[in-house]
Each structure stands twice: as C-alpha cells, then as structure tokens.
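This briefing covers how parts of one chain pack and pair. Please keep the sequence and the structure in view while reading.

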Amino acid sequence: MIYLQLFLTFLKIGAVSFGGGYGMLSLIREEVLSHGWLTEEELLNRIAVSESTPGPIAVNMATFIGSSQGGVLGALLATLAVVLPAFVIILLISTVIRNLLQYKGVNAFLVGVRPVVVGLILATAATLLIGQLLGMSMWKDPVSLDVIGAVILAVLIGIRIVYSSIRKKAPSPIIMILISAGLGLLLYPFAA
C-alpha cells in the first residue's frame with residue numbers, strides 16, 4: 001500500500017508542478033506532511049541534503065522520501081513517478097518539434113530565442129558573481145569584497161589561460177571545480 005501511495009503522490013507532484021525542482025518543494029512539503037511521512041524538521045534536513053547532493057532537488061527529495069518510507073523499492077517508485085510526467089511531456093514535444101523544424105517560422109522563432117537564453121544565463125552569472133564576490137544582493141547594498149573568493153577566481157582564470165595556451169583547449173570543468181574546492185578548503189579556514 002505504501003508503494004502505491006508513494007508512486008501516486010509523486011506522480012501527482014511531477015504532473016502538476018511547474019518551475020522546476022524548487023517549484024515542487026512546496027507541494028512536496030504539503031504532501032509529505034499530510035501523509036505523516038516526515039516531520040517538518042526531518043523534511044528540512046532532507047531538503048538540505050537534497051540541495052547539497054548532485055542532481056535535481058525534486059528527484060533527490062523523491063528518492064530520499066521514498067527510501068525513508070519504502071526502502072529501495074520506495075525510492076525507485078517515488079523517483080520514477082516524479083520524473084515520469086516530465087519525461088512523457090518532453091518525449092511528446094521532441095517528436096512534434098522534429099516535424100515543426102521544417103517550417104521557416106519555427107526556425108526563426110528558435111533562432112530569435114537563443115540570444116534571450118544567453119542573456120538570461122549571463123545575467124544569472126553576473127548576479128551570482130556580484131553577490132558572491134561583492135556581497136551585494138541589491139545595487140544600493142554596501143560592497144563587502146570577498147578577498148579569498150576573488151583570489152580563488154583569479155587563480156582559476158590564470159589556470160584557464162595557462163592551460164589553454166599550452167594545450168590549446170579548455171581545462172576540464174571537473175578539474176576546475178576540484179581545484180576551486182581545494183583552494184576553498186585551504187584558504188577559508190584562515191578567514192575565520
């Protein structure tokens with residue numbers, strides 16, 4: 001019975017939630033608490049773990065909650081259920097879009113959307129950079145330079161430039177993340 005409940009609950013969450021994983025959190029919270037599967041504190045702990053592990057937060061939450069209620073089978077069913085609606089929708093869209101790409105208007109639309117997507121990504125990157133390095137969330141906030149963060153960024157840029165000039169290609173993002181994490185572990189303890 002718990003397996004069917006987990007599957008149907010997370011299928012509903014996956015089917016009616018929009019806005020990605022973070023958009024699903026309020027519905028996940030409502031469903032989990034109403035079923036009595038977790039307490040508020042347990043749920044908050046699962047959210048913290050889900051945010052700090054690789055993968056989409058909604059999938060991680062479904063896996064953790066399914067596991068806590070039904071073991072491995074519960075985790076598999078909850079995870080499958082939360083991704084199934086999006087999978088089906090994307091599958092349908094991908095079959096339709098292939099036929100639509102033969103029309104010039106559709107191609108023109110997609111070409112027109114690309115600059116907006118690039119702009120949104122750049123705006124997000126700039127916002128994160130300003131927030132992280134300058135400690136500002138609004139333009140009127142005082143600047144609080146994160147010197148160690150700036151040093152780590154400068155080192156990473158230096159590594160990228162040197163590596164690219166020697167190897168004629170960019171370094172692996174995974175290696176850059178590991179170097180950044182290592183520098184953070186090395187430098188931030190001295191900031192306290």
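**Helix packing and salt bridges**

In helix 3, Leu43, Arg46, Ile47, Val49, Ser50 and Glu51 make contact with Ile57, Asn60, Met61, Phe64, Ile65 and Ser68 of helix 4. Sorted by class, this contact between helix 3 and helix 4 holds seven nonpolar, three polar and two charged residues. The model is predicted, and two salt bridges are counted in it.

Helix 3 against helix 4
- Helix 3 spans residues 40-52 and helix 4 spans residues 57-100; their axes lie 9 Å apart and the packing angle is about 130°.
- The crossing of helix 3 past helix 4 is right-handed.

Salt bridge Glu31 to Lys12
- Glu31 pairs with Lys12 in a salt bridge, with 2.7 Å between the closest N and O atoms.
- This pair joins distant parts of the chain, since Glu31 belongs to helix 2 (residues 20-35) and Lys12 to helix 1 (residues 2-16), 19 residues apart.
- Glu31 has a relative accessible area of 9% and is therefore buried, the cut-off being under 20%.
- Lys12, at 40% relative accessibility, counts as partly exposed.

Salt bridge Arg29 to Glu40
- Arg29 and Glu40 form a salt bridge whose closest N and O atoms are 2.8 Å apart.
- Arg29 sits in helix 2 and Glu40 in helix 3, so the pair ties together parts 11 residues apart in sequence.
- Arg29 is partly exposed at a relative accessible area of 37%, and Glu40 is partly exposed at 32%.

Conventions. Residues numbered from 1 in each chain as written. Predicted model: local features only at pLDDT ≥ 70, side-chain atom pairs only at ≥ 80, totals over all residues. Heavy atoms only, no water. Axes fitted to C-alpha atoms, helices over the stretch in contact; angles between N-to-C directions. Helix = DSSP H or I, 4+ residues; strand = E, 2+ residues; numbered from the N terminus. Left-handed = near helix turned anticlockwise from the far one by under 90°. Contact = heavy atoms within 4.5 Å. Nonpolar A, V, L, I, M, F, W, Y, C, P; charged D, E, K, R; others polar. Salt bridge = Lys/Arg side-chain N within 4 Å of Asp/Glu carboxyl O. Buried < 20%, exposed > 50% of the residue type's maximum accessible area, 1.4 Å probe, protein only.
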